[in-house]
Amino acid sequence: MSMSDSDSSSHASSSEYKTFRQISRDRLLQEMLRSAQTGDSKSTWKVLIMDKVTVKVMSCSCKMADITDEGVSLVEDLYRRRQPLPSMDAIYFIQPLRENVVMFLSDMSGRVPLYKKAFVFFSSPIPKELVNLIKNDTSVLPRIGALREMNLEYFAMDSQGFVTDNERALEELYGENMQNTRQHEACLDVMATRIATVFASLRELPYVRYRAAKVDESTETTFRDLIPTKLAASVWNCITKYKSSIPHFPQSETCELLLLDRSVDHIAPVIHEWTYDAMCHDLLNLDGNKYVHEVPSKSGGEPEKKEVLLEDHDPVWLELRHAHIADASERLHEKMTNFVSKNKAAQFQSRDGGELSTRDLQKMVQALPQYNEQVDKLSLHVEIAGKINRLIRELGLRDLGQLEQDLVFGDAGSKELINFLRLKQDASPENKLRLMMIYACVYPEKFEGDKGTKLMQLAKISPDDMNAVNNLKLFEGASDNKKNSLAGFSLKFDAQKRKHAARKDRTGEEEETWALSRFYPVIEELIEKVSKGELPKNEYACMNEPNPSTTITSNRSLPSASARTSQAPVAAAHSMRSRRTATWARPRGSDDGYSRSTIDVLHHGLTSKFKNMIPEISFTVSIFDSVLRHASSDFKRMGQRIFVFIIGGATRSELRVCHKLTAKLKREVVLGSSSLDDPPEFITKMKMLTKELSVDDLHI
């Protein structure tokens with residue numbers, strides 16, 4: 001029996017660099033499942049037993065086929081009644097909780113245990129009292145093949161993103177229930193433990209930076225201001241224990257961790273993001289990444305509903321997810337045109353107009369599965385993009401999105417907002433609420449006294465929705481709004497000269513190709529400052545302050561600027577002039593008229609052009625060509641990782657930024673958060689927050 005963690009390390013040679021998600025998957029499959037194949041048990045199938053948390057950890061990183069490939073024939077729930085299988089070994093992947101350990105001991109005790117031998121893996125460090133509980137059961141001890149701490153208790157939601165599954169973090173840490181200090185501490189403890197297991201898995205020792213509370217006589221420091229500080233201390237405490245207990249754990253810092261909370265950017269969770277991924281989750285009511293669509297019935301009856309996952313295994317999704325919706329629509333058009341040009345049914349007809357030969361039929365059948373996959377993938381994304389474009393028109397999102405971004409960048413103010421509310425009274429309540437929340441972030445002084453009430457009456461916003469706007473003030477203590485509280489006050493003769501903006505246009509960035517793509521999350525600037533070593537120490541403190549002579553911001557391991565330019569993704573150099581830009585997405589100087597969108601034409605032509613079409617045998621899978629190769633950055637020459645964790649929920653735009661900066665900085669940027677929220681989810685959570693407490697009200 002062994003009691004240890006993995007001996008593997010993420011610091012392999014540059015040619016063996018593995019991404020964050022790859023390491024997570026390999027640890028679960030190889031270190032855990034494969035390590036149970038010892039001695040004479042190599043040829044036997046095993047049972048995998050998990051609890052509610054670990055089954056989600058496993059499902060986020062591995063597919064069922066991966067698990068069965070490692071010799072697992074059955075996956076069971078720890079708390080469901082299970083059939084005894086005394087001839088089979090069992091692998092337990094469970095949290096180190098007393099109730100879980102008791103259940104495990106119950107399974108393996110007695111004359112006839114449920115399983116022949118147990119290989120037990122804990123998702124996080126196990127307390128000594130639970131270890132003693134196991135050791136004291138002499139009937140179970142000989143039946144244990146392994147007893148190990150995997151230290152892997154995070155949920156990999158993306159190739160470069162994870163969550164700790166603290167869905168109620170905003171409510172528990174910032175809401176009225178903050179008075180419940182046990183709940184508050186429990187939330188932070190779970191979050192810290194799971195964040196620390198990321199570094200245990202990757203064998204990384206981070207510089208732990210955090211957004212520091214501003215303490216001065218002119219402003220009151222609230223308890224909420226101290227949340228990043230408290231989390232940073234807990235994370236560092238966990239990592240320090242790993243440093244001394246895990247074999248081969250780095251003893252010097254190898255990466256950067258920046259801990260933030262949602263107050264760092266109030267606007268990103270509610271503004272309309274115009275990329276394909278964000279639009280899908282914002283407008284289509286997806287269940288996680290699951291999309292349900294109708295497909296023609298094979299029997300000719302009513303259409304059948306089919307569930308598909310919009311994830312990395314779909315190369316079209318992988319290519320288009322971070323593209324502007326208009327760009328995604330045009331790329332689909334190009335793929336469709338290319339598909340038609342290479343798959344003409346006439347090429348399979350005999351030259352004399354007679355029936356197809358046996359050889360032709362054989363070739364057709366061989367090509368048919370490949371053809372079906374092409375049609376399925378294209379038709380799926382044509383349908384999705386078609387729905388999104390129609391919703392953009394029906395909801396008037398183009399004008400709304402333009403006003404949102406003009407407010408954020410200081411090109412619009414009260415006059416433009418009031419005009420919009422008067423002219424667009426048919427706008428949905430949710431969209432008007434999101435607009436009001438953005439306005440409140442940029443112009444907080446406009447909601448003082450009864451000013452906010454009058455605006456809400458004009459927008460016809462309900463009192464319940466008004467709570468979401470008012471509750472933004474709960475974050476003012478930890479945000480820059482406090483120090484900028486005078487930004488809204490200016491002398492009358494200077495009012496027209498000053499620009500009231502929450503963002504500044506990025507200088508030196510690539511030319512804006514698509515309209516409504518001006519907005520960027522705050523973390524984009526912060527990550528770049530981390531990479532350059534320019535993060536202000538007075539605003540972002542460090543738990544383990546680096547020695548200036550050994551700072552890790554050196555770019556010695558990074559490619560030169562010229563090398564980065566030569567390695568830029570092909571899409572970045574692709575000319576847009578030859579593309580047919582969808583009317584609504586053109587820059588503001590273009591014609592405002594709505595023509596039938598590209599994607600609608602494609603959707604209409606899908607069945608008419610491809611119905612009964614026989615594929616050409618020489619057809620190659622055009623939409624799959626190089627997609628997977630170019631979908632992620634070249635990780636072979638990566639610098640040290642940068643981790644960013646946001647307490648209170650991250651957004652799709654922030655996840656996209658991490659992918660973008662990974663390619664730009666040549667350092668893998670991993671985003672973590674308590675949850676990954678789409679705008680409707682975030683707004684619902686904001687409505688649940690009510691009153692603000694002072695630091696004096698609670699014991700720290």
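**Entry 1: the chain overall**

I began with burial: 53% of the 700 residues of the protein chain count as buried (under 20% relative accessible area; over 50% is exposed and in between is partly exposed, with a 1.4 Å probe and protein chains only). I noted that this is a predicted model, in which local features need pLDDT of at least 70 and side-chain atom pairs count only at pLDDT 80 or more, while totals for chains, interfaces and linings use all residues. Residues are numbered from 1 along each chain as its sequence is written, and side-chain values use heavy atoms, with hydrogens and water left out.

I looked up the secondary structure and found 23 helices and 14 strands in the protein chain. Both are DSSP runs numbered from the N terminus, helices being H or I with at least four residues and strands E with at least two. I then took the contacts (heavy atoms within 4.5 Å). Of the contacts in the protein chain with a separation of 6 or more, 82% are between residues 24 or more positions apart.

**Entry 2: α18 and α22**

I looked at helix α18 (residues 522-532) against helix α22 (residues 652-665) and noted an angle of about 30°, with the axes 10 Å apart. Axes here are lines fitted to C-alpha atoms, for helices over the stretch in contact, and angles run from 0 to 180 degrees between N-to-C directions. On the α18 side I listed Ile523, Glu524, Ile527, Glu528 and Ser531, and on the α22 side Glu654, Val657, Cys658, Lys660, Leu661, Lys664 and Leu665. Sorted by class, the contact of α18 with α22 has 6 nonpolar, 1 polar and 5 charged residues. For the classes, Ala, Val, Leu, Ile, Met, Phe, Trp, Tyr, Cys and Pro are nonpolar, Asp, Glu, Lys and Arg are charged, and the others, Gly among them, are polar.

**Entry 3: Arg434**

I found Arg434 in helix α15 (residues 429-442). Arg434 is buried, at a relative accessible area of 1%. Its side chain makes a polar contact of 2.9 Å with the side chain of Asp282. Such a contact is a pair of N or O atoms within 3.5 Å; within protein, one must be able to donate a hydrogen and the other to accept it, and residues adjacent in sequence count only if both atoms are side-chain atoms. Leaving out residues up to four places away in sequence, I listed Val270, Ile271, His272, Asp282, Pro679 and Ile683 as touching Arg434.

**Entry 4: aromatic pairs**

I counted rings of Phe, Tyr and Trp (its six-membered ring) as paired if their centres lie within 6.5 Å; planes under 30 degrees apart are stacked, over 60 edge-to-face and the rest tilted. The count comes to 11 aromatic pairs. Phe162 and Phe645 form a tilted pair, 6.1 Å centre to centre with 35° between the planes. Phe162 lies in strand β7 (residues 161-163) and Phe645 in strand β13 (residues 642-647), so this pair ties together parts 483 residues apart in sequence. Both Phe162 and Phe645 are buried. I also noted that Phe20, Tyr154, Phe162 and Phe645 form one aromatic cluster.

**Entry 5: positive phi**

I checked two loop residues. Asn151, in the loop between β5 (144-149) and β6 (155-158), has a positive phi near 55° and is not a glycine. Asn151 is buried, at 0% relative accessible area. Lys460, also not a glycine, has a positive phi of about 60° and lies in the loop between α16 (451-459) and α17 (463-470). Lys460 is exposed, at 58%.
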